[in-house]
Amino acid sequence: MSDVQNENAVQQQVQAYRNVVQEYEKLDEQIDTLIMKNGGASRNMSEMDRETYKDLARQRRDLFNEMRALEQELLDEDSH
């Protein structure tokens, strides 16, 4: 792979990472809003809000794992 192709690939990985971080931050905000709407604790949530909370938390966890995988790819690429 040429240096230009390699640089383009890295730029694409960085952009993908940024996109995942933005999605993660949006979900984190939604979770914070939901928690605050319920007095700051998940134990105060209705069943519907609790299910929404669990779904958002699961999505956030998946994005967190994706962020870590992308970070590792970028670090591996940087070491070459």
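Me: Is Arg61 buried, exposed or partly exposed, and at what relative accessible area?
Reply: First, a word on what we're looking at: this is a predicted model, where local features need pLDDT of at least 70, side-chain atom pairs count only at pLDDT 80 or more, and totals for chains, interfaces and linings use all residues. Residues are numbered from 1 along each chain as its sequence is written, and side-chain values use heavy atoms, with hydrogens and water left out. Buried means under 20% relative accessible area, exposed over 50%, and partly exposed in between (1.4 Å probe, protein chains only). Arg61 is partly exposed, with a relative accessible area of 45%.

Me: Which residue does Arg61 meet in a salt bridge?
Reply: Side chains of opposite charge can pair when their charged atoms come close. A salt bridge here is a side-chain nitrogen of Lys or Arg within 4 Å of a carboxyl oxygen of Asp or Glu. At 3.3 Å, N to O, the partner of Arg61 is Asp62.

Me: And how far apart are the closest N and O atoms of Asp55 and Arg58?
Reply: Helices are DSSP runs (H or I, at least four residues), numbered from the N terminus. Asp55 and Arg58 sit 3 residues apart in helix α2, so about one helical turn separates them. They form a salt bridge, and their closest N and O atoms are apart by 3.6 Å.

Me: Where is Asn38 found?
Reply: Asn38 counts as buried, because its relative accessibility is 11%. Leaving out residues up to four places away in sequence, Asn38 touches Asn44, Met45, Ser46 and Asp49, a touch being heavy atoms within 4.5 Å. Its place is the loop between α1 and α2.

Me: What kind of aromatic pair do Tyr24 and Phe64 form?
Reply: Rings of Phe, Tyr and Trp (its six-membered ring) pair if their centres lie within 6.5 Å; planes under 30 degrees apart are stacked, over 60 edge-to-face, and the rest tilted. That rule gives 1 aromatic pair. With 6.2 Å centre to centre and 45 degrees between the planes, Tyr24 and Phe64 are tilted.

Conventions
Helix = DSSP H or I, 4+ residues; strand = E, 2+ residues; numbered from the N terminus.
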